[in-house]
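Here's a quick walk through the fold, sheet by sheet, with the ligand shell and the confidence picture at the end.

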Amino acid sequence: MRPEVSESCESVTADGEAELVALALGLGAGARGGAGGLGALSAGELALVRMARARGLTARAQVAAAQAAIDAGEDPLGEAFCRLRSPVQRRPSGATYTPLPIVRAMVDWAAEQGAPTRVVDPGAGSGRFVVEAGRRFPRARLIAVELDPLAALLTRAHLQAAGLGGRAEVRVEDYRDTRLPAGGRTLYIGNPPYVRHHGVAQRWKDWLTRTAAERGHPASQLAGLHVHFFLATAQQAAPGDVGVFITAAEWLDVNYGALVRRLLLDGLGGSAVHVIEPTAAAFPDAATTAAITCFEVGAQPTSIRLRRVAQAGELGDLGGGRVVARERLHAAPRWTPLTRATRKAPAGWVELGELCRVHRGQVTGANDFWIADGERDAGLPAALLTPTVTRARELYAAGRALRDAAALKRIIELPEELDELSPAVRRVVEKLLARGRAAGVHEGYVAKQRRSWWSVKLREPAPILATYMARRAPGFVRNLCAARHINIAHGIYPREKMTGAELDALAAHLVENATLEGGRTYAGGLTKFEPREMERLLVPGPGLLG
Ligand SMILES: C[S@@+](CC[C@H](N)C(=O)[O-])C[C@H]1O[C@@H](n2cnc3c(N)ncnc32)[C@H](O)[C@@H]1O
């Protein structure tokens, strides 16, 4: 039997949906408008309408308030939708709605390109883009494409309430299936859904590979749905069309994003990319770096403007940015570094990598087994138990310096040759290894790469330890107790001997100047610094330290 609580939650959601549908109907979602306006309801939408009518809900009282909010340029339907469906429920369809100031900045850019004859909003949600564009371009035909019938009904209602229904069409279909007749100069504008490749059906992955290959581009099956939308747009669009999409910024750097980068250089005609720092909360549900990409279809760009902004208010009409030449863009494996102004180091400053190597800590392959458990591993001598930083939070908690290893966990460090151990210790270790074999630890990928599967071999203590993956700037900590570290931290090792005072000064500089800049931010807001990225941080040179 299913728990009562989930049944009641479901019925609350169903009631909420019915109310929202009733509100949408009250605002005119069911109207077909004049001359074919809005188009017929899809089967999915009709089912929702029947459900709402069966419950006898009219929501008349709310209609006037919603109409007034829409007249004032707000999106009460989209807001209600986001309250009704939690971020977790919306994730599989990538439904994250765009804050209106960002929608307006993107429409401003579109207006600068000249009024389009037609506007296409792929993945329209509640219709924020198509409505804003419809208001700005009073003669344009409006097409919203949306797969979710509830969202599609909201877009209909939004368009109708905004007085745009007569020149709008809502298509409830997969955008990759959308085939539009020739329709004059078209603006593609919107927020393609962010869905990771795990949520993309195999047939669509095959479509991506095939379609990209037809255009002469390789494609990765690991591509997220937003990459599919860029490709579908390249397929649909004609020379002279323009577009502006907001997406997560991942595609700038990751391998699967190479297809978008290629399309922008060849076919989609990229003109600008504006990277929005997570602080601007471009996607309210996810602290993610966002990118607004502007393109002019058919153009072979000789350069693309790249810009970073910290706040949505800085977007303006999407002007400005560093002009980066096509050749550099072609050659660069990642575009994020190109969004940053060339850093001019103060005199005497160097990249951290000139002073130190940065190494990720050792991978144990089985932390549960190799991090000693007081009771289970009580028989092991202290010499085989190495105090080790095993969690990033231990570094954050340490503040500027880790002075005492007593509170740290111990990693079991065994020699490659067990003959080195005394017979008594050897017996305890053999018991441990028997347990490890029984648990399959010896068959793990990492264990199999070692000369002796049981010998974890931690790196030497690093005088400075750093966290490298968090929703905050990396933490740098002087390691004054010779603790080792596993792969949750990086170790910073001087290339030439440095005095304690110099190491203190270096660590202090890193702490005081640490930002998220230089790392890669992933969806969800995690920023990660690979060792080579950390080595690029600018620090005072040897003569200026200590
Ligand atoms: C990121 S949301 C954007 C919503 C709206 N444009 C906005 O920015 O406020 C993406 C939308 O795409 C829709 N969607 C997901 N997969 C789709 C597909 N294959 N074809 C069309 N729409 C899709 C989702 O239901 C969701 O409403």
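Two strands count as paired if DSSP finds at least two bridges between them. The strands themselves (E, at least two residues) and the helices (H or I, at least four) are DSSP runs, numbered from the N terminus. What you're looking at is a predicted model, where local features need pLDDT of at least 70 and side-chain atom pairs count only at pLDDT 80 or more, while totals for chains, interfaces and linings use all residues. Residue numbers start from 1 along each chain as its sequence is written.

Let's take the nine-stranded sheet to begin with. It's open, with mixed pairing, and its order reads β3-β2-β1-β4-β5-β7-β6-β8-β9. The edge strands are β3 (168-171) and β9 (322-325); each has a single partner strand, so one side of each is left without a neighbour in the sheet. From one strand to the next the twist averages 20°. Inside this sheet, β6 (residues 270-276) and β7 (residues 290-296) pair antiparallel over six bridges, with I276 standing opposite A290 in β7.

There's also an open sheet of five strands, again with mixed pairing, in the order β11-β19-β15-β17-β13. Its edges are β11 (356-360) and β13 (401-402), each with a single partner strand, so one side of each is left without a neighbour in the sheet. Here β15 (residues 464-467) and β19 (residues 489-494) run antiparallel, joined by four bridges, and L465 stands opposite G491 in β19.

Contact means C-beta atoms, placed from the backbone, within 7 Å; angles run from 0 to 180 degrees between N-to-C directions, with axes fitted to C-alpha atoms, for helices over the stretch in contact.

| α6 (residues 100-112) | β4 (186-190), β5 (242-248), β7 | about 155° with β5 |

Which residues come nearest the ligand? Y97, T98, G123, G125 and N191 do, out of 21 around it, where near means a C-beta atom, placed from the backbone, within 6 Å. That shell splits into nine nonpolar, eight polar and four charged residues.

How far can you trust it? pLDDT, the predictor's per-residue confidence from 0 to 100, averages 90 over the protein chain, and 93% of the residues score at least 70. Residues 1-9 stay under 50.

How values were computed:
Two residues are in contact if their C-beta atoms, placed from the backbone, lie within 7 Å. Ala, Val, Leu, Ile, Met, Phe, Trp, Tyr, Cys and Pro count as nonpolar, Asp, Glu, Lys and Arg as charged, and the others, Gly among them, as polar.
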